[in-house]
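Hi everyone, thanks for coming.

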Amino acid sequence: MDLSDFEADNSVSCRLSSSIPDVCKTEDCCLGIDEAGRGPVLGPMVYGICFCPVSRKEDLKNLKVADSKTLTEAERENLFVKLDEAKSFVGWALQILSPNMISTSMLQRAKYNLNALSHDAAIGLVQYALDSGVQLKEVFVDTVGPAEKYQDKLSQRFPGVEVTVRPKADSLFPIVSAASICAKVARDHAVKSWKFAEDLGDVDTDYGSGYPNDPKTKSWLLKYLDPVFGYPQFVRFSWSTAQTLLDSKAVTVHWDDDEEDGEKAAARQNNTSVLSYFSRNKPSELTHTRDIHRFFTERKLKSINTL
Amino acid sequence: MTSKKKRSAHTESDSWVVIAPDSALDTGRSVDSDPSFIKLKNPSTGSSSLYLFGCGDLSVYEVKAFSEDFRSWFIGQTVQRDGRLLYVTPMDPLFLLLPYISSVGKEGKFQSVKQMVMDEDYPGCSRLLQCKQGLDSLHHVADEKEVNDQKYHKYNLEKTLEWLKKKVQRTVNALKKGNISVGGGVKSSTFVRVKHEDASEEDYLRYAHGLISEYISEDLSKDLLKHLELPEISSPKEAEPPSKKRKLSDKPVEAGEDYTKFNSADFARKPPKKMTAAQKSLAKADKTGMKSLASFFSPKVKQEKN
């Protein structure tokens, strides 16, 4: 698998795809969606789609694609090669969501949660297939959590396509298994050959599975924790594992959308809380100083008496 | 995800980010006259503020800090917690001299500036006497007399107001030139007028007066307002309702409604000491056959069956 497009800038979302088999543009097709790397605190999350004509489902079965979780890494690699060789009737596309993109989405002011992010990635890939002229009739999706809601969302978004959202779809439908293999292989490659944007010298790549409960992952996180910057972009900052470590080990950083109590925040900001206006005794600075002219207050300018 | 974080006390940093005119930073001819920050009495608030004397104390600059919450600097390879941006801007030294001259002026005597500009709390103020611009413009705020080549001054309010009026007028010009919105309704953080604002001349004058007032005492600011023939706007502070006075008593302060005391065994209902006329007439009323209001709230007592 050629990941060079993603590696050129691994801080954003990247789409990789095979060529579209001609047969897919003329015959009714089925499409499977699956993801890899939803849970880890390290590395990208990869969404994969695989599609083939409905009439060729049996051929796909003969490739012996199975749920990627039941396969060893080597078996997955082999199967991916087989899938790629079957390019006369099988097409695939991947959306690699970089850890940085996951962090910034989930931690931005208007929160964009992981489910929404996942759904949008899936929708984007289906739309890509449609835009490329694939004659989509059936879509199979593996889900985590309530399948019905997701199915409604996708059905509404793609009228005329029969959407089936099913837990464990990756072991039920060969086309979803194929998608899961593509996604998993891409994720393995991306993690293994991760190019750190940060200058970390010789990076210790022994970070285990990348899952939060892996002790190796945890000790790696501790090792690469910078008191000011936190982690390299390889880490999903929005994961509670990462945040807990940052809270206890790194320098405290305050953002202006941090929640704080009114009175306390006011005291810290050196201004007067609204509450104090209702108390009998006004803070002394309110009673005998003139208001600073709005020219200065509007521009946040103050006289100072110490440097 | 976001937990409440404790904020440690501000630590003094040893560097600042400053914007200053070249003239202020011009290090000079002799070693002991480098530009230096110094605390002086703020002519408006009377408390201490930071100023900067240029090389050789020939000029004085005020120091204002742009400071907003949640700001830090990345400077080179370091992080600075304090996200302030300091502005060092030239200042007319006469504003700083004025409080000293006007306070002596009440005695009605001619005095030398050296005698007038003395301050135990702010010994740095004597350096103002090096600022040529300040000394040369003393005649704007004071009458002058020259005896034996020695100049003596006496504060003159009329002159001062006339000088300040000119300042206001120049500020108005600067405000117009700088396209600064002075209208009351405009509160945009960008300070850029969307539409042409029809600010009246009075808006400009008032705004400029407010700005100049940041550099003079409150009394002088009021005098200047009159001198500019601007009516005083009643301050919202006066519109406040009078505060209720709590009666003082020798008894220890008790909460108005302390229900815990009803639980104590020694609680006994005391008759009210004084009754109003209405209460008295009510007390005289025939209450036979009437339940007391309190009984409705007491726990139900099982009536004995006969």
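Let's start with one residue: is H119(A) buried or exposed? Keep in mind that this is a predicted model. Okay, so H119(A) has a relative accessible area of 17%, and buried means under 20%, so H119(A) counts as buried. You'll find H119(A) in helix α6 of chain A, which covers residues 114-131. Leaving out residues up to four places away in sequence, H119(A) touches Y150(A) and K153(A). And K184(A)? That residue is 65 residues along the chain from H119(A), and their C-alpha atoms are 18 Å apart.

In soluble globular proteins, nonpolar side chains tend to be buried together. Here, the largest nonpolar core has 88 residues, and those with the most contacts inside it include L31(A), L136(A), I175(A) and W220(A). Helix α9 of chain A, residues 174-192, gives this core its largest share, eleven residues. Apart from that core there's another one, of 51 residues, with Y100(B) and L224(B) among them. Back to L31(A): beyond its neighbours within four places in sequence, its contacts include I49(A), F51(A), L136(A) and I175(A).

Last stop, two helices in chain A. Helix α10, residues 215-223, packs against helix α11, residues 240-249, at an angle of about 40°, with the axes 11 Å apart. That makes α10(A) and α11(A) oblique to each other, and their crossing is right-handed. Where they meet, α10(A) brings K218(A), L221(A) and L222(A), while α11(A) brings T241(A), L245(A) and K249(A). By class, that's three nonpolar, one polar and two charged residues.

Technical notes. Residues are numbered from 1 along each chain as its sequence is written. Chains are lettered from A and ligands numbered from 1 in the order in which they are written. This is a predicted model: local features need pLDDT of at least 70, side-chain atom pairs count only at pLDDT 80 or more; totals for chains, interfaces and linings use all residues. Side-chain values use heavy atoms; hydrogens and water are left out. A nonpolar core is a set of buried Ala, Val, Leu, Ile, Met, Phe, Trp, Tyr and Cys residues joined through side-chain atoms within 4.5 Å. Buried means under 20% relative accessible area, exposed over 50%, partly exposed in between (1.4 Å probe, protein chains only). Helices (H or I, at least four residues) and strands (E, at least two) are DSSP runs, numbered from the N terminus. Contact means heavy atoms within 4.5 Å. Axes are lines fitted to C-alpha atoms, for helices over the stretch in contact, and angles run from 0 to 180 degrees between N-to-C directions. Angles under 35 degrees count as roughly parallel, over 145 as roughly antiparallel, 65 to 115 as roughly perpendicular and the rest as oblique. A crossing is left-handed if the near helix is turned anticlockwise from the far one by less than a right angle, and right-handed if clockwise. Ala, Val, Leu, Ile, Met, Phe, Trp, Tyr, Cys and Pro count as nonpolar, Asp, Glu, Lys and Arg as charged, and the others, Gly among them, as polar.
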